[in-house]
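Colleague: I would like to go through this model feature by feature. Please give the general idea each time, then the case at hand.

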Amino acid sequence: MPRKAYRELEDHIVNTFRNNRLFTYYGKICEVLEAGKPRPQSASGECKTDVFVRAMVQDTGNEFDLKISVKNINKEFLGNKLKSRDLEAYLGPGWEDILIEATTSIRDAFENRVLMYASGRHPIKPNSITVGWKLEIADEPRALSVPIPLSDRQIRDYVYKGTNLTWDKKDSIVNDRVIPNSGEAEYLIVTRIEDIRTSDDVIEQMELIDDAEIGDTYFIFTANNYRTDVQKADGPRFLAVRIEWGVDNGRMIPTFHYDDPLQYTGERDMAPLVRRALQNLGKRNVTDIEPGVDVDEDLFEE
């Protein structure tokens, strides 16, 4: 789902609390003192809380905070086109080791795939050579995916709550001031705009992340391809696994790299290696390649 749709849902919930300031919480009438969207103190990344509410119990005057992570009813993708800073926000400082453990656990799935497409195969365009795979996080598997190698407790804490967020994301800015721990979520709501009419609707639908039905969470890998006919890769996306194309004994040979994930892009770093390999063979496009002669037949699709 486009980020814009998520933002509309988040803004709708914030505005609902601002405009409908009374709600019932654990049997007590409470009043909204403020509501807002937390933002990290730094310019990059995101915190886990999408809606922050500070409220007061009317009969005691006690104040408390609600820190809510918002997902659309068909949430599926939790993060896409991920950069290193994005994955660090999800998994913490050990993100690189976690990702490498995941990718190397399915290395056969990467290394036994067709990597050259002469005619193309939707959505892959003709004259395409795979230079690596981008990373997404989702709650449903895909053709090339693997469960994130973390325990259920770690998934809840890292991916959903953000217990290991860096200080700039954990102590986020809400309504132009820093509020400690505002970026670390406590509740999860999976909903739609049309299902939220009052603040009580939010309270009734949200669940503690510790109690919510989370299910499996997956790393999803989608190919980044270089198109020889237009000499362009599929955007400047960072690669979880990258392919270094070279020439050995007159054949194009792929070397798979699982180290340094999300440091290299297809466009900037890997595409020049494809161009150099093709030049060494005296070829221009994938359609010029002769399978079995210029490249292993198993890597080529007419």
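The dialogue below goes from the whole chain to single residues.

Modeller: This is a predicted model, in which local features need pLDDT of at least 70, side-chain atom pairs count only at pLDDT 80 or more, and totals for chains, interfaces and linings use all residues. Residues are numbered from 1 along each chain as its sequence is written, and side-chain values use heavy atoms, with hydrogens and water left out.

Colleague: How many helices and strands are in the chain?

Modeller: Helices (H or I, at least four residues) and strands (E, at least two) are DSSP runs, numbered from the N terminus. The chain has 8 helices and 17 strands. Its C-alpha trace spans about 80 × 35 × 35 Å along the principal axes.

Colleague: What share of the residues counts as buried?

Modeller: Buried means under 20% relative accessible area, exposed over 50%, and partly exposed in between (1.4 Å probe, protein chains only). Here 48% of the 302 residues are buried.

Colleague: At what angle do α2 and α3 pack?

Modeller: Axes are lines fitted to C-alpha atoms, for helices over the stretch in contact, and angles run from 0 to 180 degrees between N-to-C directions. Helix α2 (residues 84–91) packs on helix α3 (residues 95–105) at about 95 degrees, with the axes 9 Å apart. The two helices are therefore roughly perpendicular, a label for angles of 65 to 115 degrees.

Colleague: Which residues of α2 and α3 meet?

Modeller: Contact means heavy atoms within 4.5 Å. Ser84, Leu87, Glu88 and Leu91 of α2 meet Trp95, Ile98 and Leu99 of α3.

Colleague: Where is Asn225 placed, and is Asn225 buried or exposed?

Modeller: Asn225 lies in strand β13 (residues 218–227) and is buried, at 4% relative accessible area. A polar contact is a pair of N or O atoms within 3.5 Å; within protein, one must be able to donate a hydrogen and the other to accept it, and residues adjacent in sequence count only if both atoms are side-chain atoms. The side chains of Asn225 and Thr130 form one of 2.7 Å.

Notes
Angles under 35 degrees count as roughly parallel, over 145 as roughly antiparallel, 65 to 115 as roughly perpendicular and the rest as oblique.
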